[in-house]
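Walk through this protein from its surface to its pockets, and then to its aromatic rings. Keep the sequence and the model side by side.

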Amino acid sequence: MTDQRKPKISLRKQPKQARSNELIAIILEAAVQVLQKEGAQRFTTARVAEKAGVSVGSLYQYFPNKAAILFRLQSDEWRQTAELWSGILADIERPPLERLRVLTHAFIRSECDEAQVRVALDDAAPLYRDAPEALDARASGERAFETFMREALPDAAGPTRAVAGELITTTLSAVGKSFSESPRTAAEIEAYAEAMADMFCAYLKRLGNC
């Protein structure tokens with residue numbers, strides 16, 4: 001049987017100096033621009049290096065291949081999403097349903113803002129989707145939502161909370177992706193997010209009264 005290994009997606013080496021971090025930032029910014037212009041199918045390390053104004057050798061000091069660059073962009077997006085979710089859901093000054101409403105609006109806005117790059121990253125997802133690094137990058141956001149669901153539905157059975165949480169997060173992800181694939185005005189985004197939030201809140205209220 002042929003050994004079909006996944007490409008290495010971790011950084012070749014960790015930056016230790018400010019100049020190295022600046023170089024990585026330049027490469028990643030160039031990668032976003034190439035991804036937006038060329039899409040995942042025409043995305044290459046050579047194009048990224050040219051856009052960044054650096055040699056391919058300099059790029060390869062940190063990123064062993066294009067999959068590593070794409071994964072870094074994707075993992076940065078996952079981390080930012082996890083931080084967004086955690087920050088909103090942990091705000092105990094707000095009631096749980098208000099937090100869910102704020103989260104829905106913030107998530108839909110971010111999906112629309114990042115739609116062009118996200119679609120391209122989705123096309124490249126087979127390169128790294130099942131890698132251990134990818135699973136770790138998604139885990140913190142999932143933990144934040146599980147904690148929130150225990151607070152939002154304290155009297156519900158564990159399986160009920162799990163199903164409700166999965167339904168909400170899956171719907172947010174799938175519907176947010178679909179909605180953001182077409183250009184949207186600020187008013188359209190606001191109205192759509194509010195309707196989704198109404199739906200989620202009504203669902204949790206019903207579960208809470210069961």
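The accessible surface of the protein comes to about 11900 Å², and 52% of it belongs to carbon and sulfur atoms. Areas here follow the Shrake-Rupley method with a 1.4 Å probe, and for residues only the protein chains shown count as cover. The model is predicted: local features need pLDDT of at least 70, side-chain atom pairs count only at pLDDT 80 or more, and totals for chains, interfaces and linings use all residues. Residues are numbered from 1 along each chain as its sequence is written, and side-chain values use heavy atoms, with hydrogens and water left out.

Of the 210 residues in the protein, 41% are buried. Buried means under 20% relative accessible area, exposed means over 50%, and partly exposed lies in between (1.4 Å probe, protein chains only). The secondary structure comes to 9 helices and 0 strands. Along the sequence the pattern reads α-α-α-α-α-α-α-α-α. Helices (H or I, at least four residues) and strands (E, at least two) are DSSP runs, numbered from the N terminus. Among contacts between residues at least 6 apart in sequence, 73% join residues at least 24 apart. A contact here means heavy atoms within 4.5 Å.

The largest pocket holds about 1100 Å³ of space. It is lined by 31 residues, and the closest to its centre are Trp 78, Arg 138, Glu 142, Thr 169 and Ser 173. Two or more lining residues come from each of α4 (66-89), α5 (96-113), α6 (115-124), α7 (132-152) and α8 (158-180). The largest share, 10 residues, comes from α8. By type, the lining of the largest pocket divides into 11 nonpolar, 8 polar and 12 charged residues. Ala, Val, Leu, Ile, Met, Phe, Trp, Tyr, Cys and Pro count as nonpolar, Asp, Glu, Lys and Arg as charged, and the others, Gly among them, as polar.

The second largest pocket has a volume of about 240 Å³. Its lining has 15 residues, with Val 32, Leu 73, Gln 80, Glu 114 and Val 117 the closest to its centre. Helices α1 (18-38), α4 and α6 each supply at least two residues of this lining. The largest share, 5 residues, comes from α1. The lining of the second largest pocket divides into 7 nonpolar, 3 polar and 5 charged residues.

Both pockets were found on a 1 Å grid over the protein atoms alone, with a 1.4 Å probe. A pocket is an open set of points with protein on both sides within 12 Å along at least five of seven lines, and lining residues have an atom within 4 Å of a point. Grid points are joined across faces, edges and corners, and a volume is the space filled by probe spheres set on the points.

A search of the whole structure finds 4 aromatic pairs. The ring centres of Trp 85 and Phe 107 are 5.9 Å apart with planes at 85°, so this pair is edge-to-face. Trp 85 lies in helix α4 and Phe 107 in helix α5, so the pair ties together parts that are 22 residues apart in sequence. Both Trp 85 and Phe 107 are buried. The rings of Trp 85 and Phe 145 have centres 5.5 Å apart and planes at 55°, so this pair is tilted. Phe 145 lies in helix α7, so its pairing with Trp 85 in helix α4 ties together parts that are 60 residues apart in sequence. Rings of Phe, Tyr and Trp (its six-membered ring) pair if their centres lie within 6.5 Å; planes under 30 degrees apart count as stacked, over 60 as edge-to-face and the rest as tilted.

Trp 85 counts as buried because its relative accessibility is 9%. Phe 145 is buried too, with a relative accessible area of 4%. Trp 85, Phe 107, Phe 145 and Phe 148 form one aromatic cluster.

Leu 84 also lies in helix α4. Its relative accessible area is 28%, so Leu 84 is partly exposed. Not counting residues up to four places away in sequence, Leu 84 touches Ala 106 and Phe 107.
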